[in-house]
Amino acid sequence: MATLRELKGRIGSVASSEKITGAMKMISSAKMHKAEAALRRLKPYRSVIEAIIGNLLTADAEFSSPLTESRTVRHITIVAIGSDDGLCGAYNVNLAKYLATAVDDMRARHAGARVRILTVGRKMLKAAARLAGAGVSVAAAEGVSAKSEGEEVKTFEAALRDDFLAGRTDTVAIVYMNYHSAGRQRPRTDMLLPLSADTFDTGAATGRPYIFEPDAHTIFATVLPMYLMAMTQEIFVENRASEQAARVMAMQSANDNAKKLLEQLRLEYNKLRQQSITTELLDIVGGQVRD
């Protein structure tokens, strides 16, 4: 049985843990709300680009782009975005399981194709490493992390686009955690390249007659890279918001467990203390009776 001193030390440790998890939950919640705000700012930009492309697709004009070129798939690139830090529950484990399924689906659809997995986030690299094998390679993406934004994401997207245009890869997919709400995130795969008409919602088009200046082909070639950039930025922000939401839930669970354990330890401490006092009183009474 634990002594009073031991129980007091354990109570102090658990109380400190409760305070730490509570503080970490507040920090993660603030970061999640910041990512949510960034997501709200990005969506209108992407919507405008989609509307422009929708108008182009519904217009009676001829245009094409190397980014829409569909070819025999021999090399597949899958970008898997996880987290750099831990303490976010089963977040990376769930993404890794989903990634394994996505890789199997890709290989079944494109028999004989080689798969290159580029991981973003230290934890995802460790989780995805077990997928490496015959026909599948795993490497960390250079110059980018799970916390990247702005120019870093822009450079990373440009490198993926260059690989596709140079023929080093025939298709590019991104696996990430899609953010729905603070309590709901789901793994998802988005096809980044090649772009197809099915990617865009032509319902976003206004249906009004347009005069394209300088011409539809030039506009199309200009807005497609902008769309890819907006899409990649949005994916990174969604993944960041999902990571923080998972961390909030993990810290909440840890905080609740710490509170329950603290209550149990305090109850045990009070029982042991009461027992000790009773024993001392009995010793005093017994001594007086003997006298």
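Is R161 buried or exposed? I looked it up first: R161 is buried, at a relative accessible area of 19%. My cut-offs are under 20% relative accessible area for buried, over 50% for exposed and partly exposed in between, with a 1.4 Å probe and protein chains only.

**Ground rules**

I am working with a predicted model, so local features need pLDDT of at least 70 and side-chain atom pairs count only at pLDDT 80 or more, while totals for chains, interfaces and linings use all residues. Residues are numbered from 1 along each chain as its sequence is written, and side-chain values use heavy atoms, with hydrogens and water left out.

**Salt bridges**

I took a salt bridge to be a side-chain nitrogen of Lys or Arg within 4 Å of a carboxyl oxygen of Asp or Glu. By this rule I get 13 salt bridges.

I began with E157, which forms a salt bridge with R161, their closest N and O atoms being 3.0 Å apart. Both residues lie in helix 4, four residues apart, or about one turn of the helix. E157 counts as buried, at 1% relative accessibility.

I then noted a network: salt bridges that share partners join K43, R46, E50 and E234.

Next I checked R71 and D170, whose side chains meet in a salt bridge at 2.9 Å, N to O. R71 is in the loop between helix 1 and strand 1 and D170 in the loop between helix 4 (151–165) and strand 4 (171–181), so this pair ties together parts 99 residues apart in sequence. R71 is partly exposed at 21% relative accessible area, whereas D170 is buried at 7%.

E149 and R240 also meet through their side chains, at 3.6 Å, N to O. E149 sits in the loop between strand 3 (136–140) and helix 4, and R240 in helix 5, so the link spans 91 residues of sequence. Here E149 is exposed at 52% relative accessibility and R240 is buried at 13%.

**The largest pocket**

R240 turned up again here: among the 18 lining residues, the closest to the pocket centre are K31, K34, K147, R240 and Q244. The largest pocket has a volume of about 400 Å³. On a 1 Å grid over the protein atoms alone, a pocket is an open set of points where a 1.4 Å probe fits, with protein on both sides within 12 Å along at least five of seven lines; lining residues have an atom within 4 Å of a point. Helix 1 (4–58) and helix 5 (216–290) each supply at least two lining residues, and helix 1 gives the most, with eight. I sorted the lining into six nonpolar, three polar and nine charged residues.

M231 is in helix 5 and is buried, at 4% relative accessible area. I found M231 and E157 to be 9.6 Å apart, C-alpha to C-alpha, though 74 residues separate them in sequence. I277 also lies in helix 5, but is partly exposed at 38%.

The peptide bond from L193 to P194 is cis, with omega near -5°, and P194 is in the loop between strand 5 (184–193) and helix 5. L87 has phi near 60°, a positive value in a residue other than glycine; L87 is in the loop between strand 1 (75–81) and helix 2 (91–109) and is exposed, at 56% relative accessibility.

Notes:
Points joined across faces, edges and corners; volume = space filled by probe spheres on them. Nonpolar A, V, L, I, M, F, W, Y, C, P; charged D, E, K, R; others polar.
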